[in-house]
Amino acid sequence: MGPLTRRHRESRSALKWIGLVPIMSALYSPLHAVQEQDSMPVLVRVEDRTRVGPRNRVVIRDARTGADRDIYRSDGDIPFQVTLSPDGDWMAFIEVVGPVGARKQRLVVTDLAGRNVRRLGESGLYGERGIRDYTWCCGSAKLAIMTGVVGEAVRPVPESLYVVDVQTGAEQSVKGLPRPLHVAWAAFDSSLYIKCAPPPEARGKPGDPASPVYRYHVPSGRLSRTTHRGIFFSPDGNYYFDVRWVEDSGFRLYRASDDENITPRLALSPRQLGPDAMWVIGAGHVLVFIEKEPRAPEPKARRQPDRFQLTDRDAPLVYPDRWNVEVDAETGRVIDRFQGDIRAGWKTNAPTLPVERRSGVQLVRPGRP
Amino acid sequence: MGTRRASLARVHLAGALLLLGIVTQGGCDGFLGINWGGGPGDPQKPGNDCLPVGPALCGPIWDTDGDTISTNSELNTTNNTAYGGFYTFDITKWDINSSQARGVPANGTLYNGINLTDQGTGYLHHTGCDFVDEDDWGTGHLVRLIEGAGRWWLQFREHATAMQVGDLSLKSGGFFGGRCPPDHDSHRNGVDADIRYLRKDHLEGPLNICTDAANYDTVATIQLLNSFLDAEMPTDANAHIDLIFVDMDCVGIPAKTVTGRTLLVHDPNHQDHFHVRIQDPDGPFN
């Protein structure tokens with residue numbers, strides 16, 4: 001097969017996949033539950049977050065009664081946390097369905113009544129083209145969806161970025177990105193920031209090649225390369241951070257105006273600057289980290305091999321006693337410490353941080369620098 | 001993906017020889033049953049080097065000359081200078097392991113790395129997007145940790161799947177990416193190795209423990225992790241595990257070992273393999 005024919009086939013294959021994106025089952029409503037929209041903050045999460053039971057439904061918590069109500073139940077699994085649109089009208093999550101050995105993943109987008117359900121970008125779990133990353137963006141009812149290889153790659157698969165309107169199904173392709181890897185929405189300047197892979201020619205070379213960061217200004221549709229080194233901007237846009245998970249302290253904080261690395265000014269030990277950092281919504285530039293206990297010193301002489309043991313399968317994976325620390329990115333000072341699990345999966349549209357405590361989930365307002 | 005029965009038969013045969021080796025500890029009086037290191041900072045030869053040139057076995061069955069560089073590695077032509085490698089090993093003599101991890105895992109290079117044999121006792125190497133012998137170079141300590149873990153895995157595993165080893169480092173280290181995404185943020189100086197989780201269906205092949213949790217064999221994966229802890233011992237690979245990256249939300253294994261070492265570290269990018277990192281065997285200052 002000649003190169004032209006092969007290219008043509010790949011192109012047709014891509015279009016076929018894109019054609020799956022607007023698949024819609026608008027009348028599907030597993031529970032036909034209706035959530036009244038009012039001024040109360042929306043609070044949703046995937047159950048069973050504690051992993052004691054199956055993880056296959058999304059619940060909404062009634063702020064008045066504290067009771068949970070199912071708004072979506074899957075025939076398969078919902079392995080990751082739900083994401084909520086900024087206005088709280090829509091939610092999205094990855095769903096995995098099908099028998100073992102032939103499982104498929106797809107992105108489910110639904111309103112909070114569970115009535116308007118869309119299923120986007122279905123793919124296999126291994127080595128196929130599918131959804132790699134997504135984020136709410138561009139107002140309230142749009143998603144930026146990054147596609148590429150899912151799971152281990154055995155051949156190069158092109159990556160693409162689309163902006164999809166979840167109400168109309170219309171999609172807009174963002175062209176000109178070299179190997180996009182991650183995408184984040186920056187509301188302060190109505191832009192998507194996209195981190196791309198280092199250039200292929202850096203392979204095998206010493207040093208740490210830079211990952212180019214692009215800005216896609218949604219209102220104008222203009223794509224431009226930036227000098228930034230990360231994509232996770234503070235709500236006020238003055239700072240951003242970059243994370244490298246495979247380092248013990250793989251967190252870097254930068255000032256947006258001049259891209260200077262200001263990580264050393266943070267009044268935390270490098271070990272505390274874990275890659276699980278997040279900006280606090282509702283505060284200009286407040287970071288929150290989960291506190292970590294110091295690593296135990298390495299035993300000097302080991303006579304017996306160490307061992308891992310199976311965890312208690314009935315022990316819930318929620319940590320209400322864990323401590324967290326809030327830091328002002330501008331001064332580097334610690335603003336506050338508070339207890340509770342900030343990764344328990346709760347999502348809200350209120351400018352607060354949902355924290356699971358022994359007394360239940362609470363919406364914590366961020367401290368002020 | 002497949003069961004690869006023929007290869008498993010070979011693996012079983014190798015296991016039988018391994019047990020024989022453990023019992024006999026080779027045939028040489030000079031073998032002390034300990035590992036003398038082999039990094040530039042460690043002594044390369046024991047004082048009572050018993051081995052003249054000749055057929056005598058001085059080490060265990062997997063390391064006949066007892067120099068801590070396995071016989072498999074020494075016979076692996078990819079390591080030979082004639083084939084572009086860095087060594088001219090002799091399985092009847094002590095050889096010097098001159099590999100060095102330079103820099104740090106996220107910004108470093110590998111000097112005189114050793115190529116992991118593509119198939120050894122209890123393990124198989126899969127290349128993914130890379131070419132054969134392109135993605136499986138490491139320091140001597142890392143290579144023998146993997147080989148040691150493979151031997152222990154073969155002894156104690158409950159099902160017949162070989163340990164599946166993915167990416168180590170490129171031949172001279174440096175940035176490991178540019179072909180198939182995602183690129184590696186580390187794997188640049190020969191101290192990192194990716195290993196697949198174990199599947200309940202006993203097949204070789206990828207497994208995402210978050211999206212394909214029903215097929216995730218937690219018990220077997222713990223056994224595999226414990227094989228690495230066994231191989232860590234001074235009497236085996238004598239390599240010190242620094243961290244093991246896993247997705248803690250899905251792995252179902254506590255971060256701490258029974259002795260209180262926090263070895264498992266959360267990383268959401270490690271849903272389809274765990275990532276073993278050893279401490280820099282030649283120290284952090286080169």
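How many strands and helices make up the secondary structure of chain A?

## Chain A at a glance

Chain A comes to one helix and 26 strands, where helices (H or I, at least four residues) and strands (E, at least two) are DSSP runs numbered from the N terminus. This is a predicted model, so local features need pLDDT of at least 70 and side-chain atom pairs count only at pLDDT 80 or more, while totals for chains, interfaces and linings use all residues. Residues are numbered from 1 along each chain as its sequence is written, and chains are lettered from A and ligands numbered from 1 in the order in which they are written.

Take the chain A contacts between residues at least 6 apart in sequence: 46% of them join residues at least 24 apart. A contact here is two C-beta atoms, placed from the backbone, within 7 Å.

## A hairpin and a loop residue

Strands S25 (residues 353-357) and S26 (residues 360-364) of chain A pair in the antiparallel sense over five bridges; pairing takes at least two DSSP bridges. They form a hairpin with two residues between them. One of the bridges links Glu356(A) to Val361(A) in S26(A).

Glu356(A) also turns up among the contacts of Val318(A), along with Arg49(A), Thr50(A), Asp341(A) and Ala344(A), leaving aside neighbours within four places in sequence. Val318(A) sits in the loop between strand S21 (286-290) and strand S22 (323-328) of chain A. Val318(A) is partly exposed because it has 19 other C-beta atoms within 10 Å. From Val318(A) to Asp341(A) it is 23 residues in sequence and 6.7 Å in space, C-alpha to C-alpha.

## Where A meets B

On the chain A side, 48 residues are in contact with 52 residues of chain B. Those chain A residues split into 24 nonpolar, eight polar and 16 charged, with Ala, Val, Leu, Ile, Met, Phe, Trp, Tyr, Cys and Pro as nonpolar, Asp, Glu, Lys and Arg as charged, and the others, Gly among them, as polar.

The model scores ipTM 0.85 and pTM 0.86. Chain B has a mean pLDDT (the predictor's confidence in each residue, from 0 to 100) of 83, and 79% of its residues reach 70 or more.

Two stretches of chain B stay under 50: residues 1-9, with ten contacts beyond four places in sequence, and residues 13-56, with 91 such contacts. Where pLDDT is low, the predicted coordinates should not be read in detail.

Notes. A residue is buried if 20 or more other C-beta atoms lie within 10 Å of its own, exposed if 12 or fewer, and partly exposed in between; C-beta atoms are placed from the backbone.
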